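I opened this model to look up a few local details. My entries follow the display.

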Amino acid sequence: MAPAPPPAACFSAAEVQRRLAAGACWVRRGARLYDLTGFVRQHPGGEQLLWARAGQDVSADLDGPPHQHSANARRWLEQYYVGDLQGDPEGPVENGPVASASTQKTDPVMEPKLKAVDWEKDLVDWQKPLLWQVGHLGEKYDEWVHQPVSRPIRLFHSDFVEALSKTVWYSVPIIWIPLVLYCSWSYYGAFAQGNVQLLAPFATEYSVAMPESAFPGLFLLGLFLWSLLEYLIHRFLFHMKPPSDSAYLIMLHFALHGQHHKAPFDTFRLVFPPVPASLVIAFFYLVLRLILSAAVAGTVFAGSLLGYVIYDLTHYYLHFGSPHKGSYLYHLKAHHVKHHFAHHRSGFGISSKLWDHFFHTLTPEEPHQKTQ
């Protein structure tokens, strides 16, 4: 049986105001207080919306407009709960004197992470590696993995293997942009020398000579091809629903993508780690090389690799960036966050919504009229 939760801390209006004046972003639902300071840049509606509501009751905002927040969004908010407001919860939080030392003694550590294991809610022990645990969740896995939490994840017992499963975002351009430049330069040189055929050597009798002017078109074709691959991989591989009676397929799904949906703001799990990415990239190049000549395959590969870099960096920014309201990236961020929190069976495009338009998988709009 799960241990009883500790009693909630209580804060006076003056204590809350002191924290707001110090730069914190606290909001409330009725008498319940939440510290959203660490979440403001991640908010899909923009950080300015949260700062404008600091110290206020956000109950009506959760119901919309501009949209009604999902059950996952409301569950997410509870991770930032810090205590209750003393006094009349309907009254405004006004300026007041700084709390005395005696009133600050209940000041909690503002770390919105679950400390104890609640097997009824968590289903896993967060103090242990998760990969071997999720395989035993069975039919509960699909619902559990799509209930996001704000905490880092550990997958493996081995420190070495665990390190290979994580990376910082800037490893992507540092590792792959030089390869894009090298391939572009070397294969453009091959085109400039002439005698480039379209197909691989085994099909030379059916091949077509490729002029130097074909290089930019093939490079752009690679970019376009990646945008389609990005969509197809995300939709049909990352969002496959593993059978509930297969522990290994559940573990595979969690390692590939389920971990990201469970902890969407785990800083070190937002871009592909270099080692597994290298294996996939090498496979993609070999497939191209089996069909196309070296120069054509290398040029398409360079464009696709640049598309991958753009995709991974865009993905990271959509989680941690704060784009200007109304911009392309602002709408793309809202589209992606809806995929995480409300519509994980749609909205599969990351760097663009092109293929979501084409395949009719856009996240649904939410026409919502606020009751006056």
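I looked up His-339 and found 0% relative accessibility, so His-339 counts as buried.

Ground rules. I am reading a predicted model, in which local features need pLDDT of at least 70, side-chain atom pairs count only at pLDDT 80 or more, and totals for chains, interfaces and linings use all residues. Residues are numbered from 1 along each chain as its sequence is written, and side-chain values use heavy atoms, with hydrogens and water left out.

Entry: helix α13. I took helices (H or I, at least four residues) and strands (E, at least two) as DSSP runs, numbered from the N terminus. Lys-333 sits in helix α13, residues 328-341. His-336 and His-339 lie in helix α13 too.

Entry: His-339. I checked contacts, meaning heavy atoms within 4.5 Å. Not counting residues up to four places away in sequence, His-339 touches His-234, His-239, His-261, His-344, Ser-346, Gly-347, Phe-348 and Thr-363. Next I looked for polar contacts: N or O atom pairs within 3.5 Å; within protein, one atom must be able to donate a hydrogen and the other to accept it, and residues adjacent in sequence count only if both atoms are side-chain atoms. One of 3.1 Å joins the side chains of His-339 and His-239.

Entry: His-336. Its relative accessible area is 1%, so I logged His-336 as buried. Leaving aside neighbours within four places in sequence, I found His-336 in contact with His-260, His-315, Leu-318, His-319 and Ile-350.

Entry: the record. A polar atom of its side chain lies 3.0 Å from the backbone oxygen of Leu-318. Beyond four places in sequence, Lys-333 has contacts including Arg-41, His-43, Tyr-317, Leu-318 and Pro-323.

Entry: annotated spans. The unreviewed UniProt entry gives "transmembrane region" for residues 168-188, 214-233, 270-288 and 294-311. I checked residues 168-188: 86% helix, 0% strand, with end C-alpha atoms 31 Å apart. Residues 294-311 came out at 100% helix and 0% strand, with end C-alpha atoms 25 Å apart.

Notes: UniProt positions renumbered as here; feature names shortened; annotations may be inferred. Buried < 20%, exposed > 50% of the residue type's maximum accessible area, 1.4 Å probe, protein only.
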